[in-house]
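Work through the exercises below with the structure open. Each task is followed by a solution in steps.

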Amino acid sequence: MANPLAAATYKLAAHLPRQLPPDTAREVAFAGRSNAGKSTALNALCHQNRLAKTSKTPGRTQQLVYFEVQPERYLVDLPGYGYAQVPEDLRAHWQQFINRYFETRQSLAGLIVVMDVRHPLRDYDRQMLAFAISRNLPAHCLLTKSDKLGRGEQSKTLAAVRKQLLADFGDSVGVQLFSGDSKIGVDEARGVIAGWLQL
Ligand code: GDP
C-alpha cells in the first residue's frame, strides 16, 4: 500500500496561537520528551530523512511545527520537553500555549505520545495523555528505540505499559512498539494516524 504520509511537507512553525493555521482542518499532534525519538519517528512515518530535524540540541524546537500531508491534513510536532536548560519564562509560555492548544483546537483529531521504550510513562507523557483524555481525544503511544531491546524485553515492556495505561487512562489509549531505525511498527503507526486524519 502506498504510504499516505509520504507527501508531507513543512508548512509553518507557530510560536503564538494566532500563527496556527485556520482551525478547520484535521491534525494529529506528536508529543514527547526531548530525545525520546520524536523527530526520528516523524521522519520514518513520512519516509523522509530530513522532514523533522533530528538533533541533540536541547530545546531547539520551541514552536509547534506543522507538516502538511495533503490540504487541511496536518502532522503537528509539539515542542520537546525535559531539558532543565529551558529558561523558566519560556517554559511558562509553552505550558500556556500547549494548554490552550489542547483545550481549544477543534482540528485536533488525535495525539501520538512518543516515549523511549526504556523510560515509558514519565510525568510529561502522563500529562499529555491526561490532556487528551480530558477532551475525549484518542491517543496512541509509540515505544521508540525498541530495537535497543531483545524480543523478550520488548513484549514484556509492551504488556506492562499496556496494563498501566489501561489502569490509569482507560481503553482509549493505544500503545505499540516502534523503531524509526529498524522500522519496527512503522506501518502500524501509519495506519492509526491515517485513520485519524481520514486519509
Ligand atoms: P527527539 O528529540 O525526540 O526529536 O529525538 P531524535 O529523533 O532527535 O532522537 C534522539 C536520539 O535517539 C538520536 O540520537 C537518535 O539517533 C536516537 N534514536 C531515535 N530513534 C531511534 C530508534 O528507533 N532506535 C535507536 N537505536 N535510536 C534512535
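A polar contact is a pair of N or O atoms within 3.5 Å. The model used here is predicted.

**Exercise 1.** Find how far a polar side-chain atom of Asp-147 lies from a nitrogen atom of the ligand.

Solution.
- Step 1: Start with the surroundings of the ligand, which consist of 17 residues. Asn-35, Lys-38, Ser-39, Thr-40 and Asp-147 are the closest.
- Step 2: From Asp-147, a polar side-chain atom lies 2.7 Å from a ligand nitrogen atom.
- Step 3: Look at two further residues. Thr-40 places a polar side-chain atom 2.6 Å from an oxygen atom of the ligand, and Asp-181 has one 3.3 Å from a ligand nitrogen atom.

**Exercise 2.** Decide how helix 2 is oriented relative to helix 3.

Solution.
- Step 1: Helix 2 covers residues 88-104, and its packing angle with helix 3 is about 30°, the axes being 10 Å apart.
- Step 2: Angles under 35 degrees count as roughly parallel.
- Step 3: Helix 2 is therefore roughly parallel to helix 3.
- Step 4: On the helix 2 side, the contact is made by Gln-95, Ile-98, Asn-99 and Phe-102; on the helix 3 side, by Gln-127, Met-128 and Phe-131.
- Step 5: Sorted by class, this contact of helix 2 with helix 3 has 4 nonpolar, 3 polar and no charged residues.

**Exercise 3.** Describe how helix 3 and helix 4 pack.

Solution.
- Step 1: Helix 3 (residues 123-134) and helix 4 (residues 151-169) meet at an angle of about 50°, with axes 12 Å apart.
- Step 2: The two helices, helix 3 and helix 4, are therefore oblique to each other.
- Step 3: Their crossing is right-handed.
- Step 4: Helix 3 contributes Arg-126, Leu-129, Ala-130 and Ile-133 to the contact, and helix 4 contributes Gln-164, Leu-165, Asp-168 and Phe-169.
- Step 5: The classes in this contact of helix 3 with helix 4 are 5 nonpolar, 1 polar and 2 charged residues.

Notes:
Residues are numbered from 1 along each chain as its sequence is written. This is a predicted model: local features need pLDDT of at least 70, side-chain atom pairs count only at pLDDT 80 or more; totals for chains, interfaces and linings use all residues. Side-chain values use heavy atoms; hydrogens and water are left out. Axes are lines fitted to C-alpha atoms, for helices over the stretch in contact, and angles run from 0 to 180 degrees between N-to-C directions. Helices (H or I, at least four residues) and strands (E, at least two) are DSSP runs, numbered from the N terminus. Angles under 35 degrees count as roughly parallel, over 145 as roughly antiparallel, 65 to 115 as roughly perpendicular and the rest as oblique. A crossing is left-handed if the near helix is turned anticlockwise from the far one by less than a right angle, and right-handed if clockwise. Contact means heavy atoms within 4.5 Å. Ala, Val, Leu, Ile, Met, Phe, Trp, Tyr, Cys and Pro count as nonpolar, Asp, Glu, Lys and Arg as charged, and the others, Gly among them, as polar. A residue is near a molecule or strand if one of its heavy atoms lies within 4 Å of it. A polar contact is a pair of N or O atoms within 3.5 Å; within protein, one must be able to donate a hydrogen and the other to accept it, and residues adjacent in sequence count only if both atoms are side-chain atoms.
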